[in-house]
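Please look at the model below before reading on. The report then moves from the whole chain to one pair of its elements.

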Amino acid sequence: SSYVFGATLFFLANNLLEAATLSLLSKKMPKAWAAGVLNSGFLTTIMGLGGRVLGNLIVTVVGNSVQHAAQVDDLLMLPLCVLWVVTIGLYYCRWKHFAMDT
């Protein structure tokens, strides 16, 4: 029961912090990105949705491929760590593109 409580608390904390994080992110985006249909708010929303879909897909695939629930945590770490390394690597390669003069 402590695992379920911890997972629920973690889920709620992530959902509560998402609004504040996205609000702060929108304040730092360039003004040029705020124009048109594909503005920064829309793109941020779509990227958040894509992250949720990808995360849910990974959890579903791993959950369906194991015999015991205890194996799910172990098997989730590899794809999530790979995604993390790829994301950091892409950002590192293009960091000057993302840097903003303020």
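## The chain as a whole

From the N terminus on, the elements of the chain run α-α-α-α, a total of four helices and zero strands, where helices (H or I, at least four residues) and strands (E, at least two) are DSSP runs numbered from the N terminus. The chain is more spread out than a compact globule, because its radius of gyration is 17 Å, well over the 13 Å that the globule rule gives for 102 residues; the radius is taken over C-alpha atoms, and the rule is 2.2 Å times the number of residues to the power 0.38.

This is a predicted model, in which local features need pLDDT of at least 70 and side-chain atom pairs count only at pLDDT 80 or more, while totals for chains, interfaces and linings use all residues. Residues are numbered from 1 along each chain as its sequence is written, and side-chain values use heavy atoms, with hydrogens and water left out.

## Where α2 meets α3

Helix α2 (residues 40-64) packs with helix α3 (residues 70-93) at an angle of about 145°, their axes being 10 Å apart; axes are lines fitted to C-alpha atoms, for helices over the stretch in contact, and angles run from 0 to 180 degrees between N-to-C directions.

In this contact (heavy atoms within 4.5 Å), residues of α2 including Leu54 and Val59 meet residues of α3 including Leu75 and Leu83. The residues of the contact divide into 10 nonpolar, one polar and no charged, with Ala, Val, Leu, Ile, Met, Phe, Trp, Tyr, Cys and Pro counted as nonpolar, Asp, Glu, Lys and Arg as charged, and the others, Gly among them, as polar.
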